[in-house]
Amino acid sequence: TIISMTPTATYRVLVIDDTAGIHEDFRKLFQHSDAASDSIDAAAAALFGEVKAPTAALGEIMIDSSFQGQEGAAKVRQALAEQRPYSLAFVDMRMPPGWDGLETIQHLWRIDPRLQIVICTAHSDHSWQDVQDRLGPTDSLVVLKKPFDYIEAHQLAQMLCRKWTLSRENESRLTQLDEMVCARTLELRFAEQRFALAFAANPQAQALIALDRFEFLDINRAFTDQFGLASADLATATPETIGRGIEPHRWRLFVARVLGREEINDYAFVFERAPGDTRDLRCSVRFIEVAGRPCSIWLVHDVTDHLRLEQQLRQSQKMETVGQLAAGIAHDFNNLLTVIQAYAGFIYDTADDEQKASVVLIREAADRAAALTRQLLVFSRRQITNPVPIDLGVSLSDLRKMLSRLVPERIRLEWQMPDSLPCVVADAANLEQAVMNLAVNARDAIPRDGVITVAFRTVSLLSEADFRHPNARPGDYVVISVADTGGGIPPEILAQIWEPFFTTKESGKGTGLGLSTTLSIVEQHQGWIEVASDVGVGTTFDLYLPISAKLPFYPAARMETRHPFQMPTGVGARLLIVEDDATVRSVAVAIAKKSGYQVTEAADGASALAHWEKSGQQFDLVLTDVVMPNGINGIDLIYRLRRDRPDLKAIFITGYSDALLRGAADDLGNVPILLKPYDINTLLTLLHETLEDSSPRPEPTS
């Protein structure tokens with residue numbers, strides 16, 4: 001027997017599909033007609049036998065359309081805000097570009113977990129097991145194959161809308177029942193001698209307050225611990241005594257609301273248990289009668305740690321946003337510097353002595369700009385790194401000499417290195433920069449005479465008792481300490497020192513990137529930094545580096561080296577240069593042609609493939625940017641070309657590391673990487689060395 005469904009309010013259905021015709025089909029599908037009802041009744045009778053009661057329409061169905069997952073998510077969020085939620089969403093599996101169907105569903109359910117979903121697909125992109133693995137087990141999801149049957153789609157929509165309605169009704173009823181049970185339970189507990197052991201053992205801080213005399217009737221152990229009450233204080237403790245540790249205006253407002261019998265939820269105040277020991281508390285108040293006396297029950301919970309975690313999350317999100325901005329700026333800036341350095345080389349080659357001096361100044365300015373760009377990339381964690389097992393005593397040996405030149409004679413530099421240290425897996429250049437940044441800051445913090453100490457030691461952290469930092473974990477570590485006898489860091493700004501572009505130095509004497517860059521370097525090596533500072537005494541930074549670290553691998557980068565302004569002669573080889581930035585591409589082409597290479601240029605991967613086919617695969621080397629538009633990046637391009645010619649020579653060009661490079665090393669071999677900004681000789685030297693390299697190339701993987 002089919003239960004009759006009486007018409008209800010209008011249901012909202014969202015169709016998310018990148019094809020306009022699909023939206024029109026759905027609108028036609030849900031237009032009510034006698035023919036549709038007859039078809040549905042006939043199908044129901046065929047499935048369930050004789051229909052005892054006629055099946056009525058659920059109600060009117062309104063269709064909204066979205067052509068991408070992001071747009072659909074915005075509409076679902078807006079519908080909830082308007083208290084007119086969607087009952088059902090039809091989601092296409094494929095929606096390029098942007099989120100696919102499964103990613104869209106994940107976002108939709110984060111916004112509205114009650115939403116019923118129908119996946120519409122004409123392809124077997126994912127098995128049902130794949131769908132469950134990504135979305136998890138759920139009873140709010142069905143798959144509808146395209147082209148779908150009218151009756152099937154219509155009945156499916158009706159049943160899911162009805163299920164959505166019943167689910168909301170059940171939740172409402174359960175909520176009502178839960179409230180009734182809670183109220184009854186509270187009454188029973190008061191009837192049993194004011195909760196007895198349950199009240200006393202509750203880990204939630206609770207207190208029962210009589211309103212007629214504003215005094216405690218009962219408090220539990222958690223409450224006494226929360227407010228730092230000793231056993232001797234319990235006999236004389238009153239709400240007024242604990243109120244002395246709360247801001248006066250907040251306490252007066254709270255008491256007024258309590259005595260006015262106002263229901264209170266999560267009233268916020270700061271309680272000072274002892275000088276310097278403050279806690280963020282939230283108090284909820286409900287009103288009851290105990291033996292005819294008007295009372296209130298207070299529930300207090302400490303949210304100090306929660307608020308600190310929220311602050312850390314906000315800080316992390318802010319740093320991530322700034323990092324993305326820094327990476328974008330560095331990418332574009334590197335392109336500009338590449339052009340500046342290359343054309344400076346062209347001018348130098350034909351300039352007289354006076355002009356050459358000016359070109360050298362241009363080059364030096366470009367070098368300083370490139371150094372700043374590298375700091376931005378380190379901070380945003382987009383730089384090329386080469387982590388390998390290193391002996392710090394050997395790798396940082398030259399750093400001591402460099403620091404001696406940076407530190408003035410009035411400051412004594414002490415270098416404390418043990419005879420041997422365990423190896424760490426690290427990028428030596430980045431670690432050198434981290435220590436250099438701290439040493440320079442230490443130098444600037446010492447106004448007159450003083451001492452800077454750079455010390456190395458090993459430590460073992462065995463348990464949480466040894467941890468002094470949130471990122472600390474058990475293990476063996478090499479600790480690099482940089483200490484100074486300068487003025488110290490005031491406590492009020494200590495938490496800000498890691499923020500990018502924050503500096504206490506005079507204008508023009510610092511970028512504000514030194515400490516944030518150092519922190520990024522150490523965290524990339526799976527370590528952390530601890531800082532201790534006393535105003536007027538000095539500051540110590542401890543860099544913890546794990547001795548046995550497992551770090552992500554990036555292909556070994558061929559770093560830029562300085563050469564005189566000189567134009568080496570090319571070897572007449574045929575080059576395919578692929579670069580989406582027209583100005584940078586023209587520079588690379590001009591350098592190669594002037595050196596005697598035969599050059600074909602392409603603005604993206606698709607154009608490069610076309611030139612490849614047209615030439616009959618006769619290029620000797622492909623020089624390609626890594627990140628390019630129109631669907632084919634540099635990694636994909638080399639994969640495709642090496643399927644035709646496994647021995648093809650290649651060079652990647654990039655302004656910053658990309659996630660694509662992480663897997664390229666195993667499949668493509670050690671393809672050289674030319675970092676932007678580069679100069680004429682760096683490019684020509686790398687071209688020559690790569691073309692002369694006779695190492696076998698790996699077979700491409702499918």
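## Arg12 and its surroundings

A polar contact is a pair of N or O atoms within 3.5 Å; within protein, one atom must be able to donate a hydrogen and the other to accept it, and residues adjacent in sequence count only if both atoms are side-chain atoms. In this predicted model, the side chain of Arg12 makes such a contact with the backbone oxygen of Arg84, at 2.7 Å. Arg12 belongs to strand 1, which spans residues 11-16. Its relative accessibility is 11%, so Arg12 counts as buried, the cut-off for that class being under 20%.

The charged end of Arg12 is placed over the ring of Tyr86, 4.4 Å from the ring centre. Leaving aside residues up to four places away in sequence, Arg12 touches Met62, Asp64, Ala79, Glu82, Arg84, Pro85, Tyr86, Ser87 and Leu88.

## Aromatic pairs

The whole structure contains 16 aromatic pairs. One of them joins Trp415 and Phe456 in a tilted arrangement, with 5.4 Å from centre to centre and 55 degrees between the planes. This pair links distant parts of the chain: Trp415 is in strand 12 (residues 411-416) and Phe456 is in strand 14 (residues 450-461), 41 residues apart. Trp415 and Phe456 are both buried.

The pair of Trp528 and Tyr544 is stacked, because the ring centres are 4.8 Å apart and the planes lie at 10 degrees, where the limit for stacking is under 30 degrees. Trp528 is in strand 16 (residues 528-534) and Tyr544 in strand 17 (residues 538-546), so the pair ties together parts that are 16 residues apart in sequence. Trp528 and Tyr544 are buried as well. Elsewhere, ring pairs connect Phe214, Trp251, Phe254, Tyr267, Phe269 and Trp298 into a cluster.

## Leu543 in strand 17

Strand 17 also holds Leu543. With a relative accessible area of 1%, Leu543 is buried. Its contacts, not counting residues up to four places away in sequence, are Ala434, Leu438, Val478, Val479, Ile480, Val522, Trp528 and Ile529. Val478 is 65 residues from Leu543 in sequence, yet the two are 8.1 Å apart in space, C-alpha to C-alpha.

Strand 10 (residues 293-302) pairs in the antiparallel sense with strand 6 (residues 205-210), over six bridges. Within this pairing, Ala210 is opposite Cys295 of strand 10.

Strand 10 is also antiparallel to strand 9 (residues 277-290), over ten bridges. Val290 has Arg293, in strand 10, as its bridge partner. The hairpin formed by strand 9 and strand 10 has two residues between the strands, and Ala291 takes a positive phi near 50 degrees there.

## Helix 19

Helix 19 (residues 605-615) has Gly605, Ala608, Leu609, Trp612 and Ser615 as its buried residues. These residues lie on the same side of helix 19, because they cover an arc of only 135 degrees around the axis. Glu613 and Lys614, on the other side of helix 19, are exposed. The buried residues of helix 19 are covered by elements including strand 18 (574-578), strand 19 (598-602) and helix 20 (634-644).

What marks the two ends of helix 19? At its start, a side-chain oxygen of Asp604 comes to within 3.3 Å of the backbone nitrogen of Ala606. After helix 19 comes Gly616, which has a positive phi near 70 degrees.

Strand 20 (residues 621-625) is mostly covered, with five of its five residues buried. Leu621, Leu623 and Asp625 point one way from the strand, while Val622 and Thr624 point the other way.

Strand 20 pairs in the parallel sense with strand 18 over four bridges, and Val578 stands opposite Thr624 of strand 20. Strand 20 also runs parallel to strand 21 (residues 649-654), to which five bridges join it. In that pairing, Val622 is opposite Ala650 of strand 21. A further charge-over-ring arrangement involves Arg574, which lies over the face of Phe619 at 5.2 Å from the ring centre.

How values were computed: Residues numbered from 1 in each chain as written. Predicted model: local features only at pLDDT ≥ 70, side-chain atom pairs only at ≥ 80, totals over all residues. Heavy atoms only, no water. Phe/Tyr/Trp six-rings, centres within 6.5 Å; stacked < 30°, edge-to-face > 60°. Buried < 20%, exposed > 50% of the residue type's maximum accessible area, 1.4 Å probe, protein only. Lys NZ or Arg CZ within 6 Å of the ring centre and 35° of its normal. Arc of directions from axis to C-beta. Contact = heavy atoms within 4.5 Å. Pairing = 2+ DSSP bridges.
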